[in-house]
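I opened this notebook to record what I looked up in one structure. The entries follow the order in which I consulted it.

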Number of protein chains: 2
Amino acid sequence: MAVRAGIVVTGTEVLTGRVADRNGPWLAEALRARGVDVGQVVVVGDRREDLESALEFLVGRGVDLVITTGGLGPTADDLTAAVVGAFQGRPSSVDPALEQRILAVVARLTALRGWQTAPEANAAGIAKQARVPAGATVLEPVGTAPGLVVPVAEGRTGPPVLVLPGPPAELQGMWPAALAAEPVRRALAGATELRQRTLRLWGPPESELAVTLRRVEDQLAGLEVTTCLRDGELEIVTRYAPDAEEAYARLTAAVSADFGVALYSEGPSVDELVAAALDDRGWTVAVGESCTGGLLTARLTAPAGSSGRVLGGVAAYADSAKEQLLAVPAETLAAGGAVSPAVATALAEGARRRFGADVGVGVTGIAGPGGGSLDKPVGTVHLAVVGPDGAAAKSAAVRGGREAVRQRSTTLAVHLLRQLLLGGPPA
Amino acid sequence: MAVRAGIVVTGTEVLTGRVADRNGPWLAEALRARGVDVGQVVVVGDRREDLESALEFLVGRGVDLVITTGGLGPTADDLTAAVVGAFQGRPSSVDPALEQRILAVVARLTALRGWQTAPEANAAGIAKQARVPAGATVLEPVGTAPGLVVPVAEGRTGPPVLVLPGPPAELQGMWPAALAAEPVRRALAGATELRQRTLRLWGPPESELAVTLRRVEDQLAGLEVTTCLRDGELEIVTRYAPDAEEAYARLTAAVSADFGVALYSEGPSVDELVAAALDDRGWTVAVGESCTGGLLTARLTAPAGSSGRVLGGVAAYADSAKEQLLAVPAETLAAGGAVSPAVATALAEGARRRFGADVGVGVTGIAGPGGGSLDKPVGTVHLAVVGPDGAAAKSAAVRGGREAVRQRSTTLAVHLLRQLLLGGPPA
């Protein structure tokens, strides 16, 4: 029988989207990799009754472990530890030794950052953070907040609740200690490895993939297949126990047979493929971008080690910048306007030459919401890549609002790089 | 009594974080603005029983309306419409007129994008998308998927379920029609306006704010106050009914009295303040960034209309790029290395001069995970801004992994711009 966990993400700032939750997905993935099934993540605001009902719901679903994130800070709206203690039937009290350890951390941070913290602020906040439900296991703070493993009160039945802090770095830093805690180990014992593999298609619509999946449906027993379309990429993510490896091979064969070259990856993301292809040849890359405003360079420099292959980029928003920094000829700008295939090529060539890179990428377009015309509506994008022994170009009408156009144009540029370096379906 | 809604976000890709959910937060905020309270968002994968139990949970909480997002596509893992229909006790069947309308949309898209779609793919997918529970209201497709309003079966009691598509542009495009549908109007009738205001502090730790909030606690009846710390910014978000306006004024006065200049905004974000300050003076800005790799330029160009004030930016990853594109003197690079206060200033001055901007911003640092040393550990960042009548600089030791260092350095740069343009707490 599958081992199952449920997650409660707390925080009004997460519920309302002021902060994007990174903990729910991170935990779901970390648990999946250990073979633990997560069916539901509940996001709740900082209200006692909403948190309580979320705990009740997950316990009622019969999960083996409940994990909460957030609500461990020093302010009054941070109430997770107290609510979980009460829920598990274990009254809380201040742990004096823990209080001293948190005090030491706060004193060090205060000195380090030059805070002028009122002593009573520290005292009240720390006493709050040092309250521990009776019988709970304390997980040492990574920041200032300790984590907790709170078993259900003796004489009652129910899963333990693992209480983790909200800042992702603190939560992730505490994760190994959480897994090692005895109640968590017991709860997750017996989980078996689940594999997860991804097939990536560029181009075809989801409806065509649906036909393929229906055709081979009865050969896919043991696979949990989900498909996801975003920015023109169609991902097929499959989870399965090791004994379904042959079924997965059948799925891969069917998709490959039906889509051929559009199946551009049986694993790595397009970003990973492009980075590896550049590194294999020892090539460097530079960017000349306009409507994407720095996003393409930011994406290429996101991975660790990218400084070995990315020399840099110019976000040339103003026409004068295109001329001065990337040597786009004034007559090219005058002839077709700043948004034209010729300017995309000139941006790629200018970036390549000015940075002394092996490969140059150029992007120009209209992100909107203003600046569109009948001729060149919002979403018009031209892209070009120029390398030592070849070039590629693409023009597209991208749908969506300003942010969508910026993001999709960036993805198009990465696929154009993939096309030049590795072939596969045209961007 | 408050009108309440619950949200179910479906999609294994969201549950596992391959796609960040934008719909839950968007809906929570859209509902809040209408005075509808959202206590919980449940994220579920594409599994029938997980979706069913989430619906049961929210209905059990006594909400007036349940909203689902996603799971309306043509593939077999898209099962929201069928599950909701069954849950509400209303059997589904194909609506032939709707099927024809979807067919027309798909045919147009197919022609537009040059898909080579097999006819049977369209037929099967469209028939699936045209299935409507008996008695449900159809919301016309914005993409290819129609939305639904599904009341509970006659003779039973329970809230209606509003079924919306997953792509954010489709969901948002369908929202006005959803609000206008009679069952939704009835469910939300009686909701009263809730105000939401934000105070923003730069610098103080959350524990100091906790003291202030405790001190004035008994003067804040009717306010729902939540605090959130991220990247050095401390946000205080308060919701209240119009009759608590005076309590909110007391909160603002207390925070202002205790924190003075650190309270840098009673509303707008730092990005909005900087943009307005530049526009007020008619000033332009340009960026010379290294460790942030394009993120700062991307952030400054994110708002609509930014092309009027942002001339562009150079992400100068390689030292050669710093010299050639931004005229950082070789001797400055040699003297203190590429990560030094002098190089930050040279990047700012170089960007200002090369782009012909009024204000230049420079950022250099070590994002990691490699490249750190005892002298200059990972997270070392130097920033500078140079304007027509002044300059400002900041050096910092930023905590966290590569992505956190990149993001926090970007936020620091925006606050340094704020400091130069508007004063307030030092970045």
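**Entry 1: the model and its numbering.** I noted that this is a predicted model, in which local features need pLDDT of at least 70 and side-chain atom pairs count only at pLDDT 80 or more, while totals for chains, interfaces and linings use all residues. Residues are numbered from 1 along each chain as its sequence is written, and chains are lettered from A and ligands numbered from 1 in the order in which they are written.

**Entry 2: chain A as a whole.** I looked up the secondary structure and found 16 helices and 17 strands in chain A. Both are DSSP runs numbered from the N terminus, helices being H or I with at least four residues and strands E with at least two. I then recorded the extent of the C-alpha trace of chain A, which is about 80 × 65 × 40 Å along its principal axes.

**Entry 3: burial and contacts.** Of the 427 residues in chain A, 52% are buried. A residue is buried if 20 or more other C-beta atoms lie within 10 Å of its own, exposed if 12 or fewer, and partly exposed in between, with C-beta atoms placed from the backbone. Among the contacts in chain A with a separation of 6 or more, 66% join residues 24 or more positions apart; two residues are in contact if their C-beta atoms, placed from the backbone, lie within 7 Å.

**Entry 4: backbone exceptions.** I kept in mind that most residues other than glycine have a negative phi, and most peptide bonds are trans. The bond from A:Gly368 to A:Pro369 is cis, with omega near 0°. I located A:Pro369 in the loop between strand 15 (359-365) and strand 16 (380-387) of chain A. In chain B, a cis peptide bond likewise joins B:Gly368 and B:Pro369.

I next examined A:Ala327, which is not a glycine but has a positive phi of about 55°. This residue, A:Ala327, sits in the loop between helix 13 (319-326) and helix 14 (330-336) of chain A. A:Ala327 has 15 C-beta neighbours inside 10 Å and therefore counts as partly exposed. For B:Ala327 I also found a positive phi of about 55°.

**Entry 5: the two copies.** How is chain B superposed on chain A? A rotation of 180° with 0.0 Å of shift along its axis does so, with RMSD 0.1 Å. The two copies are therefore related as by a two-fold rotation axis. The same surface serves both copies, since 100% of the contact residues of chain B recur in chain A. The superposition is by least squares on the C-alpha atoms of residues with pLDDT of at least 70 in both copies.
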